[in-house]
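Hi,

Here is the structure I promised to pass on to you. Have a look at it first, and then read on for what turned up.

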Amino acid sequence: MRPKKSAQREGGSRFRFRSSDGEVAPKEWLRMWAALYPPRYIKEHDSLIEKYESLSAADFERIGRWKDAAETESKWKPNVASVAYLIWMQAARELPRCPDESRVADFLQDWSERKYTDKYTNRAVQKRFGLSRATTLLYFISAGRFPIFDSRVRNAMKRLLDSPLPNTVRWYMDSYRPLFLEIGGLCGAKNGRALDKALFSFGGRTPEIPN
């Protein structure tokens, strides 16, 4: 499945760069939305990204906590909704390293399909680690070379392209990575992190973006 082609915007861009008031220039879009990135995520991110070649078991736990917003001990354990604790602990044991380019898709497929079970008093629910977490894992072990593709980023891309899009490893590899570079170029992004921040904020629910 491929997203439908969007009409060309002014200046030849196929993307709709918007603020809460209407369309803006790409560079203005980047500056505005990156500035809205939540400060609470920055310090831990920056500490972890610097250690990409020497991440320890404890660091992989920190990546999991950062990704799943598990700041407290009561959240960082099995059977907590939206926290893939058991698979993050697999990462802590296995200490994965960045794969060769030819193996990236296999890496993402492997990790995104790993399953874990949350057990409750009267039921058990099997869940997948998912592409969002798998790309987060890849992001940190590659020093940010491979961007995170989570629900906020998907929503941001849907808004930019005015089109639904797949949530698959293949679309990430064949489409999202080239689109990420293209958007960064249009926006004059000095690095991928600034664009990561802008997409995260733009894909959120507040402030609302007009159609």
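**A hairpin and its surroundings**

Asp-118 stands opposite Val-125 in S4. Please keep in mind that this is a predicted model.

Asp-118 belongs to strand S3, which covers residues 115-119. S3 is paired with S4 (residues 124-128) through five bridges, and the two run antiparallel. Four residues lie between S3 and S4, and the two strands form a hairpin.

Which side chains of S3 are buried? Tyr-116 and Asp-118 are, and they point to one face.

The order from the N terminus is β-β-α-α-α-α-α-β-β-α-α-α-α.

How does the overall size look? A compact globule of 211 residues would have a radius of gyration near 17 Å, and the protein agrees with that at 18 Å. Along the principal axes, the C-alpha atoms fill a box of roughly 55 × 40 × 35 Å. Of the 211 residues, 49% count as buried. Among contacts with a separation of 6 or more, 63% come from residues 24 or more positions apart.

As for the surface, the accessible area is about 11100 Å², and carbon and sulfur atoms account for 49% of this area. The protein carries 38 positive and 26 negative side chains, with the centres of the two sets 4 Å apart.

Notes: Residues are numbered from 1 along each chain as its sequence is written. This is a predicted model: local features need pLDDT of at least 70, side-chain atom pairs count only at pLDDT 80 or more; totals for chains, interfaces and linings use all residues. Side-chain values use heavy atoms; hydrogens and water are left out. Buried means under 20% relative accessible area, exposed over 50%, partly exposed in between (1.4 Å probe, protein chains only). Two strands pair if DSSP finds at least two bridges between them. The radius of gyration is taken over C-alpha atoms; the globule rule is 2.2 Å times the number of residues to the power 0.38. Contact means heavy atoms within 4.5 Å. Accessible areas come from the Shrake-Rupley method with a 1.4 Å probe; for residues, only the protein chains shown count as cover. Lys and Arg count as positive and Asp and Glu as negative; His and the chain ends are not counted. The place of a charge is taken as NZ of Lys, CZ of Arg, CG of Asp or CD of Glu.
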